Amino acid sequence: AGPHDPHSAPPTRSLTLARSRRVACAGLILLALSRACAGPPAKERHQADGAVAAAKAADAATYAPARLQAAEEALRHYDEAVAQGDYRLALNYAIDARDRAFEAAKQASNDKAAARSQAERLATEFKVLLKRAENRVAGMGSRAASASAERLRTIAKSGPALLQEARALLGKQDYRGTIKLLTPPVETLRREFPTATSTPPRRGR
């Protein structure tokens, strides 16, 4: 076609189309390169792993098991997302795992401290009540045959071993085990000595 062919595209229009194609191709190439170079969010995964390890060290498996399991479940979803190449979703799971692990560690720390306080109070109370039981058994003689006397004899006999076991559990920081061990005998002795641990009445002025 000649330079004045009416069917020919204007030169400026041809240049514009060619430039648009080059820009589009360059964009596709950059997008492909960015996808090829992108990787899983390793930094966030490392942070989540550290948070889970800290939660386990705080005994979250005992005192915050649901939150710890949720954090570990989020890490499994992270691995699945990475395997599928969905790194944005993997990032979300890594952050979720980290946050849940932080919550598990906080709950475990609080609940463990509360259990420790309760276990130590029970051990102290049991020691006091056991001494009272031993004194009463020694004073009642062997002829007393009431149900109360039999309960006191049983606890007075097994009490020292129970107290020793409770101290061993406290030394291992097994506070829930201590509570489970001492709660039944302490409740029995409270019924036998209802005023032993009650608050004394205030004197009038």
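**Close-ups of a predicted helical model**

**Figure 1. Pro 65 in helix 4.** Pro 65 has 35% relative accessibility, so this residue counts as partly exposed. (Keep in mind for every view here that the model is predicted.) In the chain, Pro 65 belongs to helix 4, which covers residues 65-83. Now look for Gln 107: Pro 65 and Gln 107 sit 42 residues apart in sequence, and their C-alpha atoms are 9.8 Å apart in space.

**Figure 2. The whole protein, before we zoom in again.** How many helices and strands does the protein have? There are seven helices and zero strands. Read from the N terminus, the elements go α-α-α-α-α-α-α. The protein has 205 residues, and 26% of them are buried. The protein exposes about 14,000 Å², with 55% of that coming from carbon and sulfur atoms. Now take the contacts with a separation of 6 or more: 71% of them are between residues 24 or more positions apart.

**Figure 3. Helix 2 against helix 4.** These two helices pack at an angle of about 155°, and their axes are 11 Å apart. Because of that angle, helix 2 is roughly antiparallel to helix 4. Their crossing is left-handed. On the helix 2 side, the contact is made by Ala 42, Arg 45, Ala 48, Asp 49, Val 52, Ala 55 and Lys 56. Helix 4 brings Leu 68, Ala 71, Glu 72, Leu 75, Tyr 78 and Asp 79. Sort the residues of this contact of helix 2 with helix 4 by class and you get eight nonpolar, five charged and no polar ones.

Figure 4. Find the loop between helix 2 (42-57) and helix 3 (60-63), and you have found the place of Asp 59. What is the phi of Asp 59? Asp 59 has a positive phi of about 65°, although this residue is not a glycine. For background, most residues other than glycine have a negative phi. With a relative accessible area of 26%, Asp 59 is partly exposed.

**Figure 5. Helix 5 against helix 6.** Helix 5 (residues 87-140) and helix 6 (residues 147-171) pack at an angle of about 150°, and their axes are 9 Å apart. Roughly antiparallel counts as over 145 degrees, so helix 5 is roughly antiparallel to helix 6. Helix 5 passes helix 6 in a left-handed crossing. On the helix 5 side, the residues in the contact include Ala 119, Phe 126, Leu 130, Val 137 and Met 140. Among their partners in helix 6 are Ala 149, Leu 152, Ile 155, Gly 159, Leu 163 and Leu 170. By class, the contact of helix 5 with helix 6 has 15 nonpolar residues, six charged and one polar.

**Figure 6. Leu 129 in helix 5.** Stay with helix 5, where Leu 129 is placed. Is Leu 129 buried or exposed? Leu 129 has 1% relative accessibility, so this residue counts as buried. Leu 129 and Ile 155 are 26 residues apart along the chain, and their C-alpha atoms are separated by 10.0 Å.

**Figure 7. Helix 6 against helix 7.** Here the packing angle is about 155°, and the axes of helix 6 and helix 7 are 10 Å apart. That angle is why helix 6 is roughly antiparallel to helix 7. Helix 6 passes helix 7 in a left-handed crossing. From helix 6, the contact includes Ser 148, Arg 151, Leu 152, Ile 155 and Leu 162. From helix 7, the contact includes Tyr 175, Thr 178, Leu 181, Pro 185 and Leu 189. The class count for the contact of helix 6 with helix 7 is 11 nonpolar, four polar and three charged residues.

**Figure 8. Gln 173, between helix 6 and helix 7.** Gln 173 is found in the loop between these two helices. Gln 173 is not a glycine, yet its phi is positive, about 60°. The relative accessibility of Gln 173 is 41%, so this residue counts as partly exposed.

**Figure 9. Thr 178 in helix 7.** Thr 178 lies in helix 7, which covers residues 175-192. Its relative accessibility is 0%, so Thr 178 counts as buried. Which residues is Thr 178 in contact with, leaving aside its neighbours within four places in sequence? They are Ala 119, Ala 166, Leu 169 and Leu 170.

Conventions. Residues numbered from 1 in each chain as written. Predicted model: local features only at pLDDT ≥ 70, side-chain atom pairs only at ≥ 80, totals over all residues. Heavy atoms only, no water. Axes fitted to C-alpha atoms, helices over the stretch in contact; angles between N-to-C directions. Helix = DSSP H or I, 4+ residues; strand = E, 2+ residues; numbered from the N terminus. Parallel < 35°, antiparallel > 145°, perpendicular 65-115°, else oblique. Left-handed = near helix turned anticlockwise from the far one by under 90°. Contact = heavy atoms within 4.5 Å. Nonpolar A, V, L, I, M, F, W, Y, C, P; charged D, E, K, R; others polar. Buried < 20%, exposed > 50% of the residue type's maximum accessible area, 1.4 Å probe, protein only. Areas by Shrake-Rupley, 256 points an atom, 1.4 Å probe, with all protein chains shown as cover.
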